[in-house]
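Me: I would like a close look at a single part of this model, followed by its setting in the rest of the chain. Please keep the account plain.

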Amino acid sequence: MSKIHVGRNVLDHQLLDRDGRRCGNVDDLAIEGGAGEAALVVAILAGPGHWPQRAGLLGRLAGWIGGSSRVRIPWEEVAKVDSAVHLRRTAREYGLGKTDDRLRPYLERIPGANR
């Protein structure tokens, strides 16, 4: 078991599925461990349904716009962590990328967005 700094190297980082497709961000983490025990990350929480508890009023507004989907990805599904968090399966298998798919036609109109 390797140790990583989850606040710096995981939280808010881009999620990439096994095909390299961007499919969201790490919005929160599920952490377990009792008093005096090591805290372990057990799952990645993604989706606009997780935004309100992290960002207050702005998060509630963004969650309202983005929808209420919540996805829980077991930590065992993480293939590697570098500048992004790479997952073992496709976005569709996790139920990820729906908001990205809805916004993509609008974002592609922004000059330089295809880089």
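Me: Is L103 buried, partly exposed or exposed, and at what relative accessibility?

Reply: L103 counts as partly exposed, at 42% relative accessibility. Buried stands for under 20% relative accessible area, exposed for over 50%, and partly exposed for what lies in between, with a 1.4 Å probe and protein chains only. This is a predicted model, in which local features need pLDDT of at least 70 and side-chain atom pairs count only at pLDDT 80 or more, while totals for chains, interfaces and linings use all residues. Residues are numbered from 1 along each chain as its sequence is written, and side-chain values use heavy atoms, with hydrogens and water left out.

L103 sits in helix α4, residues 98-107. Together with Y106, L107 and I110, L103 makes a nonpolar surface patch of about 410 Å². Such a patch takes residues with over 30% relative accessible area and no salt bridge; nonpolar side chains (Val, Leu, Ile, Met, Phe, Trp, Tyr) are joined within 5 Å, like charges within 9 Å. Areas of this kind come from the Shrake-Rupley method with a 1.4 Å probe, and for residues only the protein chains shown count as cover. For the whole protein the accessible surface is about 7900 Å², and carbon and sulfur atoms hold 53% of it.

The setting of the helix is as follows. The protein has four helices and seven strands, in the order α-β-β-β-β-α-β-β-β-α-α. Helices (H or I, at least four residues) and strands (E, at least two) are DSSP runs, numbered from the N terminus. Of the 115 residues, 31% count as buried. Among contacts (heavy atoms within 4.5 Å) between residues at least 6 apart in sequence, 46% join residues at least 24 apart.

The largest nonpolar core has 15 residues, and L15, V26, I44, I73, V85, L87 and L96 have the most contacts inside it. Two or more core residues come from each of β4 (40-46), β5 (71-74), β7 (85-87) and α3 (91-94). A nonpolar core here is a set of buried Ala, Val, Leu, Ile, Met, Phe, Trp, Tyr and Cys residues joined through side-chain atoms within 4.5 Å.

Four salt bridges are found in the whole structure, each a side-chain nitrogen of Lys or Arg within 4 Å of a carboxyl oxygen of Asp or Glu. One of them joins R18 and D19, with the closest N and O atoms 3.9 Å apart. R18 is exposed at 53% relative accessibility, and D19 is exposed at 57%. E93 also forms a salt bridge with R18, at 3.8 Å between the closest N and O atoms. That pair links distant parts of the chain, 75 residues apart: E93 lies in helix α3 and R18 in the loop between β1 and β2 (22-25). E93 is partly exposed, at 42%.

R89 forms a salt bridge with E77, the closest N and O atoms being 3.1 Å apart. R89 is in the loop between β7 and α3, and E77, twelve residues away, is in the loop between β5 and β6 (78-81). R89 is partly exposed at 32%, whereas E77 is buried at 18%. Through shared partners, salt bridges join R18, D19 and E93 into one network.
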